[in-house]
Amino acid sequence: MITTTLSSTAFTTSASPLKVNRYKYNSKHNNSASFYSQIPFLYNPLSTTPSSISRKSFRVRATVLKENEEKVVVEESFPAKTSPGDGGKGSGGNNEPPESSSSGALERWAIKFEQSVNIFLTDSVIKILDTLYHDRNYPRFFVLETIARVPYFAFMSVLHMYESFGWWRRADYIKVHFAESWNEMHHLLIMEELGGNAWWIDRFLAQHIAVAYYFMTVLMYIISPRMAYHFSECVEGHAFETYDKFIKAQGEELKKSPAPEVAVKYYTGGDFYLFDEFQTARTPNSRRPKIENLYDVFLNIRDDEAEHCKTMRACQTRGNLRSPHSYPEDASEDDSLNVLHEADCEGIVDCIKKSVTSPPANQDI
């Protein structure tokens, strides 16, 4: 009788459902700050030691209704570990060991410094572009899209280097960043079809800025991935605002112009795997654009930039990013044994901070 009771109790405990958090948000297409909506992102188990949690435990369901107003209801089921809304403390943040005041102050100072530098760099580039391209929209868009895909090349380069050294593997990060670069490449192809690269000086400027930007991002990502992701969020945020202003100013004219062929193929083609992959705040198949004219093209490019902003914001919290395709509904096997233990720190800044603030490990004499 005692054995039966204990077995029943153990089964009940292991089969108890995970906590489900519901989030709702409303956004309008004409809201220039819509990409700042707080959306819950998924916890990445790659950043922790291997656990026995099966992929069956993760379920995401989304209902998307898109008209003039978009209402999205997202249901997530995941371990109460971390979420952007609570600063990585999870639902039980008060029960975790408190961080030392010196470590917390150092962290806040580092974040403030990184973001200040990023904002200064972004504002400087914006002033240059405003001066050179204040009345030339398509060349400006060509330069923006040439620059915008560079960070994803840099992120993948560093991640491949880390994997080659055997430090850690980030399969989901590499997949998402490649999908982001694929999306930005099609934006670039659209601008080229619209004549944005007609002048030699525009091509020269965009390509040379891109080369310098690449090496700067690689160095920044090695020092502080969080800073690199925030800088990329600033760039994508500027792109969003630029397209949003352009749509509002030229909307009626754009509706009279046909859509470029490359845009029609990309947004209405048959293979949407990579299109869904970079939108980590959505579930696959939840966004399928309709392209009828040039207005629809720029509307979707603007919305793409919003999705990039959400993904870059998620990346700034360690372990907060996961591929949207990592949660199959019919997952039947547990790959927790395939998860590799990762390094305890990311980037030079994080490693130095932890070496200073963490207590020395006990050594047996």
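Axes, in what follows, are lines fitted to C-alpha atoms, for helices over the stretch in contact, and angles run from 0 to 180 degrees between N-to-C directions. Helices (H or I, at least four residues) and strands (E, at least two) are DSSP runs, numbered from the N terminus.

Good morning, colleagues. The model before you is a predicted one, in which local features need pLDDT of at least 70 and side-chain atom pairs count only at pLDDT 80 or more, while totals for chains, interfaces and linings use all residues. Residues are numbered from 1 along each chain as its sequence is written, and side-chain values use heavy atoms, with hydrogens and water left out.

I shall start with the overall picture. The protein chain contains eleven helices and three strands. Read from the N terminus, the order of elements is α-β-β-β-α-α-α-α-α-α-α-α-α-α. The chain has 365 residues, and 46% of them count as buried; buried means under 20% relative accessible area, exposed over 50%, and partly exposed in between, with a 1.4 Å probe and protein chains only. The chain exposes about 19800 Å², of which carbon and sulfur atoms supply 58%. These accessible areas come from the Shrake-Rupley method with a 1.4 Å probe, and for residues only the protein chains shown count as cover. Turning to contacts (heavy atoms within 4.5 Å), among those between residues at least 6 apart in sequence, 80% join residues at least 24 apart.

Let me move to helix packing. Two packed helices are described by the angle between their axes and the distance between the axes. Helix 6, residues 200-223, and helix 7, residues 225-255, have axes that come within 5 Å and cross at roughly 140 degrees. Helix 6 is therefore oblique to helix 7. On the scale used here, angles under 35 degrees count as roughly parallel, over 145 as roughly antiparallel, 65 to 115 as roughly perpendicular, and the rest as oblique. From helix 6, the contact is made by Tyr-213, Met-216, Met-220, Tyr-221 and Ile-223; from helix 7, by Pro-225, Met-227, Ala-228, Tyr-229, Phe-231 and Val-235.

A second pair is helix 3, residues 137-148, and helix 4, which pack at an angle of about 5 degrees with their axes 5 Å apart. Helix 3 and helix 4 are therefore roughly parallel to each other. Thr-146, Ile-147 and Ala-148 of helix 3 make the contact with Val-150, Pro-151 and Tyr-152 of helix 4. The residues of this contact divide into five nonpolar, one polar and no charged.

Pro-151 lies in helix 4, which spans residues 150-165, and is buried, with a relative accessible area of 1%. Leaving aside residues up to four places away in sequence, Pro-151 touches Tyr-213, Thr-217 and Ser-232. The C-alpha atoms of Pro-151 and Ser-181 are separated by 8.5 Å, although the two residues are 30 apart along the chain.

I come now to the charged residues. Side chains of opposite charge can pair when their charged atoms come close. The whole structure holds 15 salt bridges, a salt bridge being a side-chain nitrogen of Lys or Arg within 4 Å of a carboxyl oxygen of Asp or Glu.

Which residue does Glu-107 join in a salt bridge? The partner is Arg-226, with the closest N and O atoms 2.6 Å apart. This pair links distant parts of the chain, since Glu-107 is in helix 2 (residues 101-132) and Arg-226 is in helix 7, 119 residues apart. Arg-226 also forms a salt bridge with Glu-114, the closest N and O atoms being 3.0 Å apart. That pair again links helix 7 with helix 2, its residues lying 112 apart. Arg-226 has 19% relative accessibility and so counts as buried; Glu-114 is buried as well.

Further along helix 7, Lys-255 and Glu-252 lie three residues apart, about one turn of the helix, and their side chains meet in a salt bridge of 4.0 Å, N to O. Lys-255 counts as partly exposed at 41% relative accessibility, whereas Glu-252 is exposed, with a relative accessible area of 55%. Finally, a network of salt bridges links Asp-244, Lys-248, Arg-302 and Asp-303.

Note on methods: Nonpolar A, V, L, I, M, F, W, Y, C, P; charged D, E, K, R; others polar.
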